[in-house]
Amino acid sequence: MNRILNRTIVTVLAVGFFFLAFYPNLATRDLSIVFLEYYRDANEKRVDVPDSKIQEFMADKENGLHHYFPDSDCRFEPRKGVAEGRHCVVEARFITAAKVNEIMQAHPHLIDDRRTIVEPHWLERAFSFLTEKGVKNLTIKLGLDLQGGMRAIFEADYQTYLDKLKEKYNPVIDELETKIRTGQLQGKEKEDAEARLEQIQSVLTLSEERKEELLKQARSIIDKRLVAQGMTESEIRLQSASHSIAVDMPGAANSAEVLDRIRDTVTVEYRVVNDDATTRVKEGGYQEELKELREIYASARPDPIAAQEILDKISEDSKLTPREGKLFLGWARTGANDSGKMLPNEFYVLGPVVMDGSDMADARAAPAPNSAFYMISFTLTGTGADTFTKITEENLKKRLAVLWGDRVVSAPTIQGVIAGGNGQITGSFSKKQADEVADVIREGALPLPLEVLSVSYVGPTLGQESIAKGVYSVVLGFVLIIIFMLLYYRLTGIIAMIALFLNLILMAGILSLMEFTLTLPGFAGAILTVGMAVDANVLIFERMKEDLKAGKSASVAIDSGFDASFWTILDANVTTLIASIILYYSGDGAIKGFAIVLFFGLVSSMFTALYVSRLCFDIALRFFNMKTLSIGLRRKKS
């Protein structure tokens with residue numbers, strides 16, 4: 001009795017947990033739609049969006065809301081940071097990223113793509129203990145082949161990369177070799193020069209490991225750019241054999257958008273501060289303009305064009321000349337202990353770029369001493385070290401501004417000549433921001449050219465057809481197997497049906513917890529799992545039939561069936577599990593999807609076949625006083 005109770009508790013908890021994990025995929029979700037107050041046209045002119053455009057969208061059945069959600073209405077609700085009447089919520093099932101992207105791409109001048117989101121389900125908040133974030137995403141994402149989008153393949157141009165390195169380092173190599181050969185360097189200076197030459201030669205030697213490392217860094221950079229654009233469901237795969245990177249972007253609309261998003265990035269620049277012009281601007285009494293700029297950047301949808309118009313007006317009123325430099329904003333954190341949001345807090349007039357990220361060899365984020373913030377420690381290239389030494393020598397007691405994009409994040413005073421090729425960037429950086437700046441610096445130091453090999457488009461219609469066919473295949477396979485089990489094994493087949501159904505629940509729950517991206521090969525893995533899941537039950541049932549033919553009782557036949565089949569089932573499934581692991585580590589993204597579904601499908605099928613099925617038989621023996629087994633067709637004795 002205790003065994004039955006314990007098995008029942010374990011089964012209920014396991015099935016209940018994974019069913020709850022999968023349920024948000026089936027539940028009604030809220031799509032929070034934010035409508036724009038204005039947009040910028042091709043000439044960067046502001047165009048206001050009237051309320052009538054929103055009403056047209058709500059009523060239009062051919063291209064508006066009811067085209068995408070025929071049975072749903074959008075109820076207007078207040079939302080923080082959004083003007084009244086510009087936010088509504090749609091309740092619907094199966095709201096995919098593809099559908100949301102399709103709506104936003106069809107109405108780019110009406111819907112705010114940055115703030116229109118699918119609200120988290122309450123179960124996703126309840127499962128937040130499994131993640132560092134406040135919400136655990138429990139939605140099985142759809143791959144490119146299921147929801148449509150773009151696929152771009154980029155090939156690494158190592159030769160161009162190496163040529164640029166040689167162009168940068170050859171003058172340094174010639175200079176050092178000449179000094180060593182002519183005896184200009186002795187002792188420690190000679191040892192340092194020889195070590196420097198050795199370091200440069202190692203950089204100029206592109207081993208396979210180095211190529212792989214560069215490719216991985218390029219993938220990381222592309223991933224960060226796409227995430228910054230809100231494309232969190234993109235899949236980026238290294239194809240090491242061909243030195244290429246494949247980028248799948250579900251829901252993306254066109255190739256130009258794909259390429260622009262991948263190529264777009266912020267940069268790190270260094271400019272000398274014009275203190276006289278900066279003082280003149282600060283004394284000009286532009287506090288109201290600075291307040292307006294802070295309000296622009298504090299909003300949920302900052303308008304950089306409006307901000308630039310204010311800066312241009314201040315530059316004009318201050319009579320700044322191109323010779324004096326250009327006006328920029330200095331950024332810092334607000335709030336107590338500088339723990340709030342990064343916002344502009346002062347003006348800087350800066351000269352031309354004197355150094356950029358290409359002069360950096362490496363950069364790492366590190367805790368700043370005697371501070372709660374982080375700093376960026378950087379190492380310069382050979383030419384960068386010489387440039388930095390010259391800059392500090394020529395600008396003693398001046399400030400050197402560090403720009404991240406168009407933001408001045410630090411402007412330390414040059415106290416002395418800095419040699420040695422190392423430096424630090426300090427500011428009110430959180431760890432995440434320091435890591436981002438360090439990544440940007442390393443990106444500039446690794447200008448690995450990527451040539452576009454191909455760009456292909458998968459339409460959402462084809463994706464919907466693929467989903468329908470995939471679901472149809474899984475359901476058809478499930479139904480046919482159940483019919484066969486019921487016809488061949490009669491009432492005992494019901495237990496196999498229960499085990500198979502629970503196996504699908506467990507597998508779906510596991511994939512939801514993993515935030516798995518489902519593709520067509522994944523569907524193939526699910527179909528194969530359905531077929532293989534019943535194989536264990538067949539082995540057990542056939543052994544039971546043999547024992548029943550030998551005249552053994554139902555309870556003895558059940559015990560014998562499970563005990564004798566255990567190792568056979570385990571061996572058969574372990575070999576397939578090993579094959580799925582090999583597929584995962586040796587295959588690309590599509591093959592990995594197949595391997596993951598197959599692996600976890602087999603794990604859950606072993607649990608349901610050996611554990612849950614045995615529980616069902618134990619319950620039948622204990623509570624239904626089963627003396628005989630209706631286990632199917634028997635051969636007639638000749």
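These notes go through a predicted model, from the overall figures to single elements.

1. **Ground rules.** The model is predicted, so local features need pLDDT of at least 70 and side-chain atom pairs count only at pLDDT 80 or more, while totals for chains, interfaces and linings use all residues. Residues are numbered from 1 along each chain as its sequence is written, and side-chain values use heavy atoms, with hydrogens and water left out.

2. **Overall figures.** The protein has 20 helices and 20 strands. Helices (H or I, at least four residues) and strands (E, at least two) are DSSP runs, numbered from the N terminus. Of the 638 residues, 44% count as buried. Buried means under 20% relative accessible area, exposed over 50%, and partly exposed in between (1.4 Å probe, protein chains only). The accessible surface comes to about 33200 Å². Carbon and sulfur atoms hold 55% of that surface. Areas come from the Shrake-Rupley method with a 1.4 Å probe; for residues, only the protein chains shown count as cover.

3. **Contacts along the chain.** Take the contacts between residues at least 6 apart in sequence: 72% of them join residues at least 24 apart. Contact means heavy atoms within 4.5 Å.

4. **The barrel.** Five strands close into a barrel, in the order E11-E13-E12-E17-E16, with mixed pairing. Neighbouring strands of this sheet are turned by 55° against each other on average, direction ignored. Axes are lines fitted to C-alpha atoms, for helices over the stretch in contact; angles run from 0 to 180 degrees between N-to-C directions. Two strands pair if DSSP finds at least two bridges between them.

5. **Strand E11.** E11 spans residues 268–273, and five of its six residues are buried. E11 pairs with E16 (residues 400–404) in the antiparallel sense, over five bridges. Here Val-272 stands opposite Leu-400. E11 also runs antiparallel to E13 (residues 342–356), joined by four bridges. In that pairing, Val-273 has Leu-350 as its bridge partner.

6. **E12 and the helices on the sheet.** E12 (residues 326–333) pairs with E13 in the antiparallel sense over eight bridges. Trp-331 faces Pro-344 of E13. Helix H13 (residues 304–317) lies across E12 and E13, at about 125° to E12. Helix H14 (residues 382–394) also packs on the sheet. H14 touches E13 and E16, and its direction makes about 110° with that of E13.

7. **Helix H13 in detail.** H13 has 14 residues. From first C-alpha to last it reaches 20 Å, close to the 20 Å expected at 1.5 Å a residue. The expected span is 1.5 Å times one less than the number of residues. Its buried residues are Ala-306, Ala-307, Ile-310, Leu-311, Ile-314 and Ser-315. The buried residues of H13 pack against strand E2 (38–40), helices H11 (275–282) and H12 (287–298), and strands E12 and E13.

8. **The ends of H13.** At the start, a side-chain oxygen of Asp-303 comes to within 3.2 Å of the backbone nitrogen of Ile-305. Just after the helix, Lys-319 takes a positive phi of about 60°.

9. **The open sheet.** Four strands form an open sheet in the order E4-E5-E1-E6, with antiparallel pairing. E4 (74–76) and E6 stand at the edges with a single partner strand each, so one side of each has no neighbour in the sheet. E4 and E5 are joined by three bridges. Phe-76 has Cys-88 of E5 as its bridge partner.

10. **Strand E1.** E1 (residues 28–34) is mostly covered, with five of its seven residues buried. Seven bridges join E1 to E5 (residues 87–93). Ser-32 has Val-89 as its bridge partner there. Two bridges join E1 to E6 (residues 117–118). In this pairing, Leu-31 stands opposite Val-118.

11. **Met-375.** This residue is found in strand E15 (residues 374–380). Met-375 counts as buried because its relative accessibility is 8%. Leaving out residues up to four places away in sequence, Met-375 touches residues including Arg-364, Pro-367, Gln-424, Ile-425 and Ala-434. The C-alpha atoms of Met-375 and Gln-433 are separated by 9.5 Å, and the two residues are 58 apart along the chain.

How values were computed: Polar contact = N/O pair within 3.5 Å; in protein donor to acceptor, adjacent residues only side chain to side chain.
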